[in-house]
Amino acid sequence: STNLLSLFISTIKHLLFQLIFILFILSYHQSMACLELSKEVKVKGEEEECTNDGTVDFYGMPANRAKTGKWLAGIMLLLNQGLATLAFFGVGVNLVLFLTRVLQQNNAEAANNVSIWTGTVYIFSLLGAFLSDSYWGRFKSCAIFQVIYVTGLVLLSLTTQRYLLKPEGCGERETLCGVHSNMEISLFYVSVYMIALGYGGYQPNIATFGADQFDARDPREKQSKLAFFSYFYLFLNLGSLFSNTVLDYFEDEGKWALGFWASAASAFAGLVLFLGGTAKYRHFRSSGNPIIRFSQVIVAASKKWSVETPENEDELYEGDDESGRKMLHTHGFRFLDRAALMTSKEQDNEKQSNRNQWRLCPVSQVEEVKCILRLLPIWLCTIVYSVVFTQMASIFVEQGDAMKTTIGNFRIPAASMSTFDIMSVAVFIFLYRRVLDPIVKNIKKIKGEGQGITQLQRMGIGLVIAVMAMLSAAIVECYRLKYAKKECTHCEGSSSLSIFWQVPQYSLIGASEVFMYVGQLEFFNEQAPDGLKSFGSALCMTSISLGNYVSSLLVSVVMKISTTDNMSGWIPSNLNEGHLDRFYFLLAGLTILDLVAFIACAKWYKGIKHGGEMIQQVKEEDKCEV
């Protein structure tokens, strides 16, 4: 226990040292800004083109279009994302097997713990988005959370190597590990939840930070910004490819410490790469605490509850809102318009430049609240899809482990079947961008930068494909049971049905991700207010989180109901005695109901409207001094 405590303390010291070091580097660069700028000798009147969207460079100066952002910065961030994802899935893809083989948990308990852990990862995305949008900015948030992430991976690797793999050589298919002390198990959970905090806080910010590198008000860069989200999701999947093949193989053979150390090295390399691009990034300034801004609108509207809502929007207070582009008034949620209604007292205060922000809010601030309220129903409809998606990391693996996993003398790790999901993502991203969307644009006769299939339509298509994936998984399970041995102690490989029959369900999940998750990233980033872009990305991550929690709850409820009268239940430790096929059919039915609700919400939804919505053409006179 003393050694464990010393290890934990030394790891925390290491974390604090890294945080202080990064803050020192950031402060040093900031303090050198004036010196660097003073050394620049410019001919009087010389000008260089800057971005039109208000982005700045590291020193807080207007971002130079030629020297910052675009694909050079974007590719560095995509590589950083790939390395971080490799590290994450190096832990997550086989975590359910680690819990059963090393910590000796049963299938249902391990699946629940993995769902809860994965859900917590994405809950932390809300924290990361809040700190980024409110105080730190996306660059500093990414740097700090990556330090926490690397530290958690190092702690997990040390804990596994020194304390959990006892006796030596345990943790592989045939040899289970011994009983562990409460301190050892606690240290394991501290490390994996540090990983959850680090990766969760980093994830929504890196997606939005990457999109920030492209000027949406420049027609030459807007298309690149839309393409970035597809490539972001592609690199996310390519990053997990190495984990799902090489690392998965070593971990499945019991070499857990090697797999975890490789993940730690990958995350550290990604952090170094991220910091190496500091001078090339574009930044948006943080816009303040959104909770206060939202509260001001609610309080101001409540104080004028008895006042009649004006019919003419010209009577509403426009004001000066510095959180981003001006948002135009919309007619939904009209009760909130009272927050922007000026009474005689407020008109007097406005003339004296003494506006009470808790009694009178600009239209743009009111529209921010309306925008989030409109996004919530769409967001809620994505949670059921995430329940389907999360089965790939838990139930799919357990199902595959009970199938024939050998080709000759070579054994295929069940978790490595997610490689087909990754391959499917890569193929369908290409098919969508290069084939499907252009065809639809030609049919609809859409010219220019418009999309043939809207983001909401893509999300609906994703739900349809998810239903097909669950039906495929259910049919495979029916045949797996048909060729399974009913009596077995350890039921790995107990069915003669080949694991390659899982390929359709993994491929369909991959196809659905391209439509659902890439569409979500684009939709929430585009529809979120300017000061809440990270929050928009976090909504996508949080739907995955709640999907994991709902999955865990659903498994518990199903087991509670299906184990009555001494029955084995649908998902017992010995899957050959259960009915996993019924669980898949249940998920297919729930997804169909969710699709109906999603269609209704999509028809109701009205998009965000900005003032000056027309994209500015880049002209020679559009210059700014450096």
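In the predicted model, the largest cavity has a lining of 34 residues, and those nearest its centre are F88, F89, Y122, F389 and M392. Elements that contribute two or more residues to this lining are α3 (70-92), α5 (107-136), α7 (182-212), α8, α13 (383-390), α15 (418-444), α17 (503-527) and α18 (533-562). The greatest contribution to the lining of the largest cavity comes from α8, with six residues. The space within the largest cavity amounts to about 510 Å³. Classified by residue type, its lining comprises 21 nonpolar, 11 polar and two charged residues.

In total, the structure contains four cavities of 30 Å³ or more. The second largest cavity holds about 60 Å³ of space. Its lining is made by M327, L328, T330, E367, C371, R374, Y605, K606, G607, I608 and K609. Of the residues lining the second largest cavity, five are nonpolar, two are polar and four are charged.

Helix α8, already noted for its part in the lining of the largest cavity, also takes part in a nonpolar feature of the surface. A nonpolar surface patch of about 510 Å² is formed by F242, V246, Y249, F250, L258 and F410. Helix α8 spans residues 219-252 and supplies four residues to this patch, the most of any element. One member of the patch, F250, is located in helix α8. With a relative accessibility of 30%, F250 is classed as partly exposed.

Charged side chains were examined next. Side chains of opposite charge can pair when their charged atoms come close. The structure contains 12 salt bridges. In one of them, the side chains of D215 and R65 meet with an N to O distance of 3.2 Å. D215 is situated in the loop between α7 and α8, whereas R65 is in the loop between α2 (33-39) and α3, so this pair ties together parts of the chain that are 150 residues apart in sequence. Both D215 and R65 are buried.

A further salt bridge joins the side chains of E221 and R65, with an N to O distance of 2.9 Å. Because E221 belongs to helix α8 and R65 to the loop between α2 and α3, the pair links parts that are 156 residues apart in sequence. E221 is buried, as is R65.

A salt bridge is also formed between R458 and E522, whose closest N and O atoms are 3.1 Å apart. R458 lies in helix α16 (residues 455-482) and E522 in helix α17, so parts that are 64 residues apart in sequence are tied together by this pair. R458 and E522 are both buried. Through salt bridges that share partners, E49, R65, D215, D218, E221 and R282 are joined into one network.

Another contact between parts separated in sequence involves L587 and V467, which are 120 residues apart along the chain and whose C-alpha atoms are separated by 7.9 Å. L587 is placed in helix α19 (residues 580-604). The relative accessible area of L587 is 1%, and this residue is therefore classed as buried, the limit for that class being under 20%.

The backbone was considered last. Most residues other than glycine have a negative phi, and most peptide bonds are trans. The peptide bond from K166 to P167, by contrast, is cis, with omega near 0°. P167 occurs in the loop between α6 (138-164) and α7.

A positive phi of about 60° is found at K70, although this residue is not a glycine. K70 is located in helix α3. Its relative accessibility of 31% places K70 in the partly exposed class. Q104 likewise has a positive phi of about 60° without being a glycine. Q104 is found in the loop between α4 (95-101) and α5. With a relative accessible area of 40%, Q104 is partly exposed.

Notes. Residues numbered from 1 in each chain as written. Predicted model: local features only at pLDDT ≥ 70, side-chain atom pairs only at ≥ 80, totals over all residues. Heavy atoms only, no water. Patch = residues over 30% accessible without salt bridge, like charges linked within 9 Å, V, L, I, M, F, W, Y side chains within 5 Å. Areas by Shrake-Rupley, 256 points an atom, 1.4 Å probe, with all protein chains shown as cover. Salt bridge = Lys/Arg side-chain N within 4 Å of Asp/Glu carboxyl O. Buried < 20%, exposed > 50% of the residue type's maximum accessible area, 1.4 Å probe, protein only. 1 Å grid on protein atoms, 1.4 Å probe; cavity = no way out; pocket = protein on both sides within 12 Å on 5 of 7 lines; lining within 4 Å. Points joined across faces, edges and corners; volume = space filled by probe spheres on them. Nonpolar A, V, L, I, M, F, W, Y, C, P; charged D, E, K, R; others polar.
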